[in-house]
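Please read it with the model open.

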Amino acid sequence: MSAHYSPLRVKLVEGNKSLGQITDEICRPMNRLPSKSWWLAFLVAFSALMMGIGAITYQVLVGIGTWGLNTSVGWAFDITNFVFWIGIGHAGTLISAILFLFRQKWRTSINRSAEAMTLFAVMCAGLFPLIHMGRPWLAFWVGPYPNTRGSLWPNPRSPLLWDVFAISTYFLVSAGFWYVGLIPDLATIRDKSTSKIKKFIFGVLSLGWNGSNRIWSRYETVYMLLAGLATPLVLSVHSIVSMDFATSVIPGWHTTIFPPYFVAGAVFSGFGMVLTLMIIARKVLNLHEYITTTHIERMCKIALLTGSMVGLAYGTEFFIAWYSGSIYERFTFLNRAFGPFAWAYWIMVSCNVITPQLFWFKKLRTNVKWVFIISIFINIGMWFERFVIIVTSLHRDYLPSNWTGYVPTKIEVMTLIGVFGLFFTLFLIFCRVLPMISIGEVKSVVSYANTRNKEH
Amino acid sequence: MSQTYVVAYFEHEDDILGATRKSRESGHTIVDVFTPYAVHGMDEAMGLRFSRMTWVCFIFGMLGALGAVFGQMYITMVDWPAVIGGKPLNSLPAYIPITFECAVLFGGLGSIVVLFARSKLFPFKKPDFLLPSVTNDKFALVLKADSATITAKDLQPFFADFGATHIEERLEDTLTVAEGAPGSGPVHQTETTHH
Amino acid sequence: MSDAHVENVTYKTSPRMKNAAIAMIVIGAITFLWQYFQEAGELRAFANVLVSHFYLLTLALGGAFWIALQYVAGAGWSVVVRRIPEAMTKALPITIVTTIVVVLGMSYLYSWSLPRHPSEAAHEEGGAATEGGSSPLMVSPVYSAPAHKSEAHEKTGSAEGEESADELRAADEILDSKSWWLSKNFFYVRMVLYLLIWIGLANLLVKNSRKQDMDKNVSHTKANLKVSSIFLPLFGLSFSAASVDFIMSVEPHWFSTIFGVYCFAGLFVSSLAMITMITILLKRRGYLTFVNEEHFQDLGKLMFGMSTFWAYIWFSQFMLIWYSNMPEEVGYYEVRFNGEYRFLFFLNVGVNWVLPFFALLPRPNKRNMNIMFATSAVILVGHWLDLYLMVFPAYYSAPVFGWTEIGIFLGAIGMFVLATFTYLGKANLVPSGDPYLQESLHHHQ
């Protein structure tokens, strides 16, 4: 079977690699001691994590009165972080599932780590509702199970229960998808490694994989099915998160565009984070030939696309708030843009709508330093987007006597930093213990250059 | 009971595909093909039937969805009816999100579990018929030596076109395969000894 | 391996098809006039034109969107069918005509275009508002339930109804507060702007693509990549705005931020269905022999996905409005979900999602031309129903359906077929100079 590739196609992996070479190069970080820069990064992340554990312990012991909430702003920092982290995860699923369905083969170099990022981000996100429960050890009460309280069931009409189902499904299916994708690579490492311990551990994890095509055939079908399921799943998860707000009657929260708008925002923020992580990883782990500037450029294009979609949604919201003729809608949006939180609003607009427009220029898309800076802006902007939506819609309601502000407490800020610590700690450990790039899938995309007769 | 197999090793995707096609056309019994990654077009070359996993996924998904719909209705209409937020007892539009999530959860995890069960993949399993380097950079075609003419030596010219790097014979214990049936069933193997 | 060679073939326009298309256009025109001169029949005539206009617009614009999307995504597989969406864009100029008809019927279709203050009314003497009963549009400050409207509609010519309607109109602060956007002159400006953008950029895309047939130059692909990246954001803005202008403003007090996305979902899935349908039609006549099951499977997958996307957007809008139950919004679904339209409301989901979902789920079905054809047809009928449900409940408290609806819709289809197949008769059926052509010809899953 020969491939008829258009002359316009670029190589996805540089440097004419043989299959064995790919295995060796991707596994290299796992076979040597960590570098100094890794240790430095790990130390910073781990310290942040320790601080976060301290902050979380403190607020669980004392209670969530340690937060800066008040009767008007009853939701603020905690849920902002929750939505932010869930959103981060979405890029991973987009890369692994949606790009797979659209046969965007360039995804193979980045899907493994993007999926890992998804899992870690969902873990981080899950922490926030747990903390908010006040008594996290009773978290199992949200599950619908027969109990001695009646049975007293959770309310399935509540978007918060939808969240429970959405987040746990998202985590489990993403984890399954990720693990299924890992199995062939785990077997590769099992067979390559010389150390007995490694052989044992990877032997257990690879479930006796032997590369049989009869299994590959079924495996590929399941992989495609999981991609097919993960695609609507990723849409549903952030839609359901958006419904926490949109099912209410609060101006600024209740708006029908929220589900697709949140999904676009989530993918956008996720790509911001993927870019940040990939640019660091390819530098630290020396994976330039696998994660090429072409990959970075394509991710920039997706960030541009989703950033523009988010911009269109901001515009639509603003326009319809005016078009509705409702004085409350109009006030909420004017207050967002010109009220006490105007600074947050304009950070959001400039980081999310204006900054990604720089990606129209090929020079900036291919300049890794610029991309890195812009990706940080995207991360900041998307955090502020959630903050703006949540806080500005609450802090000035129908009764001016209720109007108030909101300032996070130290504990809240420490928790956020701690969760960033958790995220990076997990990611750094992942880079060391598992193949960061899907070995098998990368081999399949270099294979078109891999015919005996015409070596390219 | 043991059986002799001929194993031919290749280094390129095109070669293994070509060799597999040719073996099938010549009427050899292909036991299996071992590759480091999923080779596009190999299912056709081997004559495998399209996997039925789609149906497994669909049925599990449907089970999840139906369970969720009726579960929610049972909770809100039968077991503990309560008017909450002015919503009707049967708030079907509000039940859709959980229904959808359960469909995906069951469909996804169900297919993974069935994949593992049908492919006999489980922790602590010793890989069956594990050939050297097939998880790294070699492609191996395994034929059943069911007549005297199918020996490593006889097949040498047969595979020469495809640049076979090495052809060997292996004697394996009780290796059974659904012969001739183009099923997608796994290579059923109970005990294997490697020499 | 050797590259497949494609001969330059154009579609031979069959006179039968052409005559049939012209006959359909004549039927459409006659139906429109017949309905127009019925007693108090103008509204129904114009409402049908509005539905047909938006229907044509979504198909034609969907073609342009598809082309731009394929260029931007660097998609190779779809090159073999690209001439079909190109042909569909040739229906865009028709929407100039239909836009003019919609503008002529403005005073029937858009209550916001009527004079609301006595002084204005005096100015526009002889406007539709004073023509006996022709305008059923009565406006209340909050959501106006169509039940009133149709009563007003039935009470044609009653002087009492006129007066109370005038009073209510005068009291409409909401419409006054947005008269900047919903005003006739700005509406005209926007119409011209939209049509200029759409027709201009679509023609540019098609022109470059056809030039490439001659000189096989890769530069045209690069040029079209640029045009596409300009087209897509402009399309996003203009189409969201156009869906508010044409469709949402038939109920000028109702608003929904997702509305543009909803219309876009309909645009995508219906134009995809049309591409599939024309491909199959051509294939059955012996053209496009190299379009095979693999291409159909991809078209089917996308159709499946986009139909589900439509359902997702449909559900988001419905569920959020149902859940919040706010008076300024929920009236929209009161009529459709709880009123006389209930059956059609569910039928809409059935034909636009449930049926395509199950029809396209199994892999063999996506590779089967007959099933793909039937499903596309169902989606295309469903798209009409979807638009009907967006427009008609604004005017009628119970569904009206009859020869008028069928006739005017046939006219629209006739115009579409004529424009599309005339183009197919002129251009190569394959973009033979495209650098991705070989990928497309050798496409497999």
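**Notes on the predicted model**

1. The second largest pocket has 29 lining residues, and those nearest its centre are A:Pro129, A:Met133, A:Val142, A:Leu160 and A:Val164. Its space comes to about 940 Å³. A pocket here is an open set of points on a 1 Å grid over the protein atoms alone, where a 1.4 Å probe fits, with protein on both sides within 12 Å along at least five of seven lines; lining residues have an atom within 4 Å of a point. The volume is the space filled by probe spheres set on the points, which are joined across faces, edges and corners.

2. This is a predicted model: local features need pLDDT of at least 70, side-chain atom pairs count only at pLDDT 80 or more, and totals for chains, interfaces and linings use all residues. Residues are numbered from 1 along each chain as its sequence is written, chains are lettered from A and ligands numbered from 1 in the order written, and side-chain values use heavy atoms, without hydrogens and water.

3. Which helix gives the most to the lining of the second largest pocket? H4(A) does, with eight residues. H3 (77-101), H4 (111-132) and H5 (159-192) of chain A each supply at least two. Helices are DSSP runs (H or I, at least four residues), numbered from the N terminus. The lining divides into 21 nonpolar, four polar and four charged residues.

4. The structure holds 21 salt bridges over all chains. The criterion is a side-chain nitrogen of Lys or Arg within 4 Å of a carboxyl oxygen of Asp or Glu.

5. A:Glu441 pairs with A:Arg107 in a salt bridge, with the closest N and O atoms 2.7 Å apart. The partners are 334 residues apart: A:Glu441 sits in helix H15 (residues 439-446), A:Arg107 in the loop between H3 and H4 of chain A. A:Glu441 counts as buried because its relative accessibility is 17%. A:Arg107 is also buried, at 3%. Buried means under 20% relative accessible area, exposed over 50%, partly exposed in between (1.4 Å probe, protein chains only).

6. A:Asp185 forms a salt bridge with A:Arg112, at 3.0 Å between the closest N and O atoms. A:Asp185 lies in H5 and A:Arg112 in H4 of chain A, so the bridge ties together parts 73 residues apart in sequence. Both partners, A:Asp185 and A:Arg112, are buried.

7. In chain C, the salt bridge between C:Arg367 and C:Glu293 has its closest N and O atoms 3.5 Å apart. C:Arg367 is buried at 17%, whereas C:Glu293 is partly exposed at 43%.

Conventions:
Nonpolar A, V, L, I, M, F, W, Y, C, P; charged D, E, K, R; others polar.
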